[in-house]
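Subject: Structure handover

Hello,

Please find the structure below, for your own use. My notes on it come after.

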Amino acid sequence: MKVPGWSVPALVVLLALAGLGGARLFAVPSVVVDLPAAATGATRTTVLVVDGVKCVDTAERAAGQVKGLTGVSRFVAYASRNRVEVTFDPAVSSSSKIVEAIEGPVHDAATGEYLFHVYHVVEIDGAKVPTGPPATTGP
Amino acid sequence: MLRPPPERTPGERGPPLKRLRLLFQVAFVAAVAVTGIRFALGSSLTSVEKYCPFGGLETAYALLTRSRFTCAAGELNLALFLSVIALALVARKAFCGWVCPLGAVLEWTGRLSRKLFRRSSFRGPWPVPPRVDAALKIGLRVVVLGAVLAATWTTGELLFRGYDPYYVLFSAHGHDVKAWSYAILAAVLGLAIVFPLSWCRWLCPLGTVLWPFSSAGALRLSRSGKSCTGCGSCDRACPQQIPVSRLDVVRTGECTLCLECTESCPAPGALSLRLPGRAS
């Protein structure tokens, strides 16, 4: 059966879109950490895009940053998308506290030193975090 | 004996697929280059690795054995790899001819080679004997594929990143790119001048993986002995150096369905794209 030549680029476009759109079907978390949370009330999940979370090791390190926070019950990271989902009790914790903890200094167990600017949160619940010089506060 | 090609009537040539393919190639090269530059400048977290279908195969083993992706490769790589396989089952190696940014750059290098050495085909200044070409296509490619997969699957790291011409060319001096990475890229481009598309034909690991699927691809180029004048325009136009004028049906897994042969053919109806089934 004769087929027109334009069917080749049409198939290319169709399958490229299928590949780009179908990626979510194969999403597998790089790290899942369930933390013992004291809170029994309602929970909230904040979704962050974190510069620095790029593989299993860096995702595990980021999980270590929120382990000490009270009210945090679950940490899930998708390293290939730099995506982190943190579930917490809003009565005890907040998104800003979680962001602060993730962006805080990271303890390097191998050298015993603290590393700064390892993680940078660029998106919180779909909203881009504005970049630029830090806001100055009054006296 | 050569017969003069019959005149084409206006509109018989169909859509300008040659220009459309060039547009596809330029668009994909530009998109990947912009992705690499944006990542290097820190204005995006998406690196060029995320769009490499071969990364999907590299990470498949880690996903099956450890339920996690290899470092730097993820679900997008896997989804793109599966869609490229699906494309090969229908449209053969169309990915190589229409999408692959490295393939596009190497094809343009091959065209430059044609001009530099004043050759009418992609065979380069020193045509490789068919037996040597076949041995390199099978032997060398399998060795490269085996080495890349063995190293990646055993370590869980993309160890060949610094050797990968696609990554070196488009990552804008990305992670693991050293001075010798550029030396390898220069060697691949230099080789492409002397032996056009040599990377694609003898070394590309993704091309090796696609080959069996492409060989079984449904869409095939068919040559009509009645209309064909035997002028050889199709042979000279084929970047993969397939001897189209000597085949009734192009069954080889190397065909990228770039359609350069149909576009260059002066005889209407001599070459056509067909699906197996009822003749029309």
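Predicted model: local features only at pLDDT ≥ 70, side-chain atom pairs only at ≥ 80, totals over all residues.

Chain A holds an open sheet of six strands, paired in the antiparallel manner, and the order across it is β2-β4-β5-β3-β8-β9. The edge positions are taken by β2 (31-34) and β9 (127-128) of chain A; each has a single partner strand, so one side of each is left without a neighbour in the sheet.

Two helices of chain A pack on this sheet. Helix α2, residues 56-66 of chain A, touches β2 and β4 (72-78) of chain A, and its direction makes about 160° with that of β4(A). Helix α3, residues 95-103 of chain A, touches β3, β4, β5 (83-88) and β8 of chain A. The direction of α3(A) makes about 35° with that of β3(A).

- β4(A) and β5(A) are antiparallel and share six bridges. Phe75(A) has Val86(A), in β5(A), as its bridge partner.
- The hairpin formed by β4(A) and β5(A) has four residues between the strands, and Asn82(A) there takes a positive phi near 55°.
- β3(A) and β5(A) are also antiparallel, again over six bridges. Thr45(A) has Thr87(A) of β5(A) as its bridge partner, and Val49(A) stands opposite Arg83(A) in β5(A).
- β3 (residues 44-51) and β8 (residues 120-124) of chain A pair in the antiparallel sense over four bridges. Val50(A) stands opposite Val121(A), which belongs to β8(A).

As for burial, β5(A) is mostly covered, with five of its six residues buried.

The interface of chain A and chain B

How much area do chain A and chain B bury between them? The value is about 2,900 Å², and 74% of it is on carbon and sulfur atoms. The accessible area lost when the parts come together is often used to give the size of an interface. In terms of residues, 34 of chain A are in contact with 39 of chain B.

On the polar side, the count between chain A and chain B is seven residue pairs in polar contact, with both residues at pLDDT 80 or more. The salt-bridge rule finds two cases across this interface. One of the salt bridges joins Glu60(A) to Arg68(B), with the closest N and O atoms 3.9 Å apart. On the side of chain A that touches chain B, the elements giving two or more residues are β1 (2-3), α1 (7-21), β3 and α2 of chain A. The largest share of that side, 10 residues, comes from α1(A).

Strand pairing also runs between the chains. β1(A) is joined by two bridges to strand β3 of chain B, residues 271-274, and the two run antiparallel. Val3(A) has Leu273(B) as its bridge partner in β3(B). Within chain B, four bridges join β3(B) to strand β1 of chain B (residues 220-223), also antiparallel. The bridge partner of Arg220(B) in β3(B) is Arg274(B).

Two positions in chain B

Where does Ser47(B) lie? Ser47(B) is in the loop between α1 (17-41) and α2 (54-66) of chain B. Its relative accessible area is 9%, so Ser47(B) counts as buried, the cut-off being under 20%. Once neighbours within four places in sequence are set aside, Ser47(B) is in contact with Thr35(B) and Phe39(B).

Leu145(B) belongs to helix α6 of chain B, residues 130-155. Is Leu145(B) buried or exposed? Leu145(B) is buried, because its relative accessible area of 14% falls under the 20% cut-off. Which residues is Leu145(B) in contact with, leaving aside its neighbours within four places in sequence? They are Phe54(B), Pro205(B), Thr208(B) and Val209(B). Phe213(B) lies 68 residues from Leu145(B) along the chain, and their C-alpha atoms are separated by 16 Å.

Regards

Methods:
Residues numbered from 1 in each chain as written. Chains lettered and ligands numbered in written order. Heavy atoms only, no water. Buried < 20%, exposed > 50% of the residue type's maximum accessible area, 1.4 Å probe, protein only. Contact = heavy atoms within 4.5 Å. Pairing = 2+ DSSP bridges. Axes fitted to C-alpha atoms, helices over the stretch in contact; angles between N-to-C directions. Buried area = accessible area lost by both parts, 1.4 Å probe. Salt bridge = Lys/Arg side-chain N within 4 Å of Asp/Glu carboxyl O. Polar contact = N/O pair within 3.5 Å; in protein donor to acceptor, adjacent residues only side chain to side chain.
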